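Hello,

Here is the structure I said I would pass on. Please open it alongside these notes.

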Amino acid sequence: EFRRVLFRSSLQAELGQLLNLQQLTISDCPELSSLPAEIGNIQNIEVINMAWNRLDGGLPTTMGALNANGYASLNELSFEYNQMGGTLPSELGLLTKVRMFNFGHDSISGTIPAELKNLTEAQVLYVSGNSLSGTLPEQRGKMADLRFVNASDNSISGTMPPSVGALRALHDLSLYVTEISGAGPQALGDV
């Protein structure tokens, strides 16, 4: 775990050689600005917490390959309060065991990838405070364990997908400061 460590702006490609690394926490390191594509080579990681840095330039699409050949499950992926920019790569949908997905306040634009519906064990999904647009993707019950969803303070529009009403584990759904219109799904009242 590294907090307030002075990095020379980027992590080295050798990070991808740490095949048995279980937890990577690097936060509040203002000089850290980029991730190597080789981060996707890590195979047994359970937690990646890269909050409160100055990461920019988007996420490497190779992040979808994390643990592809390993035995561990990536449980937490937290990158909140960076300056990521770019879009959320659709490859993140390959991380099906992620329970916490936090990309809040990262200057991310584009749409929420439909592939995120494959995060079937997700309990927390935070993408608030970005510049996301488009509609909330229909997930047709695939994300049944979702408990907390925050997509507030984005330019998301349209109506709420009917499948949101089927999220029986849902405790908190935050969609304030969006352009979502209309009534929510009737089944939402049963949650």
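Below are my notes on the aromatic residues and the core.

This is a predicted model: local features need pLDDT of at least 70, side-chain atom pairs count only at pLDDT 80 or more, and totals for chains, interfaces and linings use all residues. Residues are numbered from 1 along each chain as its sequence is written, and side-chain values use heavy atoms, without hydrogens or water.

A search of the whole structure gives three aromatic pairs. Rings of Phe, Tyr and Trp (its six-membered ring) pair if their centres lie within 6.5 Å; planes under 30 degrees apart are stacked, over 60 edge-to-face, the rest tilted.

F79 and F103 are stacked, because their ring centres are 5.2 Å apart and their planes are at 5°. This pair links distant parts of the chain, 24 residues apart. F79 sits in the loop between strand 4 (76-78) and strand 5 (100-102). F103 sits in the loop between strand 5 and strand 6 (109-111). Strands are DSSP runs of E, at least two residues, numbered from the N terminus.

F101 and F103 are tilted: centres 4.7 Å apart, planes at 50°. F79, F101 and F103 form one aromatic cluster.

Burial means under 20% relative accessible area (1.4 Å probe, protein chains only). F79 is buried at 0%, F103 is buried at 0% and F101 is buried at 1%.

Best wishes

Technical notes
Helices (H or I, at least four residues) and strands (E, at least two) are DSSP runs, numbered from the N terminus. Buried means under 20% relative accessible area, exposed over 50%, partly exposed in between (1.4 Å probe, protein chains only).
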